[in-house]
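Subject: Structure for you to look at

Hi there,

Here is the structure I promised to pass on.

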Amino acid sequence: MDELLQDMAEGKDLSDAELEYVKIFANLKDIEKAQQKAELKDSFSEDFVKDLEGMGISSDDIEGMRVRIESNGDVTVDGIGDETVREQVQKLIEKKYSDQMYQYYIGIADSVGNLPSNVYQYATDMQEVRRYLKGVTGEDISLENLYLTPDGKIGGLPDKAANLINETKDNAKIERMKDALRNIIGNIRISGDLGIPDFSSELQFSNGAFSVADSGFAVNIGALEGRLTPQYSGNMYSDMYKYQFKKVL
């Protein structure tokens with residue numbers, strides 16, 4: 001099974017019998033991961049190289065390149081000797097490819113894919129919210145300083161973001177951000193000094209194709225999972241609101 005999944009990840013064609021074997025005995029997550037690896041290596045890399053060639057840049061010019069996408073969406077490109085080429089490539093990624101690269105990273109990197117479901121939601125919420133707030137305000141906002149007000153609004157946001165998040169009605173995207181922010185605020189209170197499950201999405205370009213370079217986490221994921229379990233946290237919102245009432249008084 002591992003050999004067949006590896007063949008899928010490398011873009012090799014499986015026979016009908018092999019495909020049926022994989023569908024029966026492999027779990028869905030492993031199949032999707034293998035498919036994403038193949039897509040990143042083949043179609044995505046081909047499209048990326050075509051765009052570069054249209055700019056007069058060859059795949060040889062970026063051989064050994066590493067791309068790093070921070071949780072706030074900032075892109076850094078290393079491993080390209082020509083500074084002009086490096087800047088052009090970075091701008092292309094920022095404009096067109098960074099979101100796709102992030103999706104490939106969270107779908108392929110073991111450090112993210114093997115997270116417990118509650119920690120995975122926490123980590124991906126952090127990424128989504130930071131990108132959104134950076135896009136709205138143009139600045140990095142420390143999520144650790146946010147809180148819930150007694151009337152259920154998000155406190156600690158800059159005015160522009162606060163008005164958008166707290167006053168907008170009947171907008172699916174805003175409602176998604178509100179839910180994510182509430183979960184983040186609660187999780188930060190519960191996790192305490194353990195830190196947050198922040199990560200950077202890293203990819204490398206070698207032999208004409210991209211692959212994921214798993215950067216892992218700096219925090220102790222096992223300890224964090226223990227803190228986030230219901231047995232430990234109880235009702236995180238009751239404690240959070242109680243604290244905010246005290247803060248207001």
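Let me begin with the helix H8. In H8 the buried residues are Ile-174, Met-177, Lys-178, Ala-180, Leu-181, Ile-184, Ile-185, Gly-186, Asn-187, Ile-188, Ile-190 and Ser-191, where buried means under 20% relative accessible area, exposed means over 50% and partly exposed lies in between (1.4 Å probe, protein chains only). Helices here are DSSP runs of H or I with at least four residues, strands are E runs of at least two, and both are numbered from the N terminus.

A word on provenance: this is a predicted model, so local features need pLDDT of at least 70 and side-chain atom pairs count only at pLDDT 80 or more, while totals for chains, interfaces and linings use all residues. Residues are numbered from 1 along each chain as its sequence is written, and side-chain values use heavy atoms, with hydrogens and water left out.

Back to H8, which covers residues 172-191. After H8 comes Gly-192, with a positive phi near 55°.

Next, the sheet. Four strands make an open sheet in the order E2-E1-E5-E6, with antiparallel pairing (two strands pair if DSSP finds at least two bridges between them). E2 and E6 are the edge strands, each pairing on one side only. From one strand to the next the twist averages 20°, with axes being lines fitted to C-alpha atoms (for helices over the stretch in contact) and angles running from 0 to 180 degrees between N-to-C directions.

Some details of the pairing:

- E1 (residues 66-69) and E5 (residues 201-206) run antiparallel and are joined by four bridges. Arg-66 stands opposite Gln-204, and Val-67 has Leu-203 as its bridge partner.
- E5 also pairs with E6 (residues 209-212) over four bridges, again antiparallel. Ser-206 faces Ala-209 there.
- E5 and E6 form a hairpin with two residues between them, and Asn-207 in the turn has a positive phi of about 55°.

Helix H4 lies across E1, E2, E5 and E6, at about 105° to E2.

Now the charged pairs. With a salt bridge taken as a side-chain nitrogen of Lys or Arg within 4 Å of a carboxyl oxygen of Asp or Glu, the count comes to 16. Three of them may interest you.

Asp-51 forms a salt bridge with Lys-96, the closest N and O atoms being 2.8 Å apart. Asp-51 lies in helix H3 (residues 28-54) and Lys-96 in H4 (residues 83-108), so this pair ties together parts that are 45 residues apart in sequence. Asp-51 is partly exposed, at a relative accessible area of 22%.

Lys-173 forms a salt bridge with Glu-128, with the closest N and O atoms 3.5 Å apart. Because Lys-173 lies in H8 and Glu-128 in helix H6 (residues 117-137), the pair ties together parts 45 residues apart in sequence. Lys-173 is partly exposed at 40%, and Glu-128 is partly exposed at 26%.

Asp-198 forms a salt bridge with Arg-130, the closest N and O atoms being 2.9 Å apart. Asp-198 sits in the loop between H8 and E5 and Arg-130 in H6, so the pair ties together parts that are 68 residues apart in sequence. Asp-198 is partly exposed at 29%, whereas Arg-130 is buried at 15%.

There is also a network of salt bridges linking Arg-66, Arg-68, Glu-70 and Glu-202.

Last, have a look at Asn-72, in the loop between E1 and E2 (75-78). Asn-72 is buried, with a relative accessible area of 13%. Its side chain reaches the backbone nitrogen of Asp-74 at 2.9 Å and makes a polar contact with the side chain of Asp-140 at 2.6 Å. A polar contact is a pair of N or O atoms within 3.5 Å; within protein, one must be able to donate a hydrogen and the other to accept it, and residues adjacent in sequence count only if both atoms are side-chain atoms. Leaving aside neighbours within four places in sequence, Asn-72 is in contact (heavy atoms within 4.5 Å) with Arg-130, Arg-131, Lys-134 and Asp-140.

Conventions. Expected span 1.5 Å × (residues − 1).
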